[in-house]
Amino acid sequence: MRSHAQESPAKKANWAARIILVAVALVVLTIAYFALAAILPVWWANVIRNQVQGNLGAGILVGMFYGFVFTFVPLLVAWQATRKSVSWPWKLTILVAAVALASPNLLTAGIMFGSSQAAHNGQRILGTEATWFPLWTQISAIAAVVVFVVGLILWRVWRQRGKKMKVLKKAGAERSLAAKAANDSAASSPAPEASAVPEAPAAPDSQADDR
């Protein structure tokens, strides 16, 4: 009885500590979210402005690069989590890595579709210093999704075709082995002796009496 009485306060203390840690983590994450939401849009817009430097052609090229690469590569990485051989902790790690790789496009989307003051400031920076960057980022991101989906379909079709070819080759090999075994058994078995056919007796010649 005393041991149970001593264990229950310890368990309660552990649960209280866990609840406090979870609450502190949630508060820290909330503060970090609002701080990053106020800083990152303007910071990212300034990064793109420094790369484009008001050049329309550079805005198109930079937008195509970010839109395609940082959409196609995260999709390719995230698709690795669908494999059955990957355990769940690694699946979560792969998904987190995919989101991290897609962060440039996520930042651009947060600026273009955000409603906060920081997002509006980022929109003004991109609208004046990198005019074509957001549009071509969206176009290239859509193109990357289309290329990924088409490539995935073609890969699955090719894989199914390879499996069918393996099955057909296996069936053909089995048929050839069975035919070879039948031929070998037929060649190894003794040939049946030819049965002697008795000759039919010659019919007696009929002699006609002229008498």
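A residue counts as buried under 20% relative accessible area, as exposed over 50%, and as partly exposed in between. The exercises below apply to a predicted model.

**Exercise 1.** Determine how the rings of Phe 68 and Phe 72 are arranged, and whether these residues are buried, partly exposed or exposed.

*Solution.* A pair of aromatic rings is described by the distance of the centres and the angle of the planes. For Phe 68 and Phe 72 the centres lie 5.8 Å apart with 10° between the planes, and planes under 30 degrees apart count as stacked, so this pair is stacked. Both residues belong to helix H2 (residues 56–79), where, being four residues apart, they are separated by about one helical turn. Phe 68 has 30% relative accessibility and is therefore partly exposed, and Phe 72, with a relative accessible area of 24%, is partly exposed as well.

**Exercise 2.** Classify Thr 108 as buried or exposed, and find which residues it touches.

*Solution.* Thr 108 lies in helix H4 (residues 103–113), and its relative accessibility of 4% makes this residue buried. Leaving aside residues up to four places away in sequence, Thr 108 touches Trp 44, Phe 133 and Thr 137.

**Exercise 3.** Work out where the buried residues of H4 lie around the helix axis.

*Solution.* The buried residues in H4 are Pro 104, Asn 105, Leu 107, Thr 108 and Ile 111. Because they cover an arc of only 155° around the axis, they lie on the same side of H4.

How values were computed. Residues are numbered from 1 along each chain as its sequence is written. This is a predicted model: local features need pLDDT of at least 70, side-chain atom pairs count only at pLDDT 80 or more; totals for chains, interfaces and linings use all residues. Side-chain values use heavy atoms; hydrogens and water are left out. Helices (H or I, at least four residues) and strands (E, at least two) are DSSP runs, numbered from the N terminus. Buried means under 20% relative accessible area, exposed over 50%, partly exposed in between (1.4 Å probe, protein chains only). Contact means heavy atoms within 4.5 Å. The arc is that of the directions from the helix axis to the C-beta atoms. Rings of Phe, Tyr and Trp (its six-membered ring) pair if their centres lie within 6.5 Å; planes under 30 degrees apart count as stacked, over 60 as edge-to-face and the rest as tilted.
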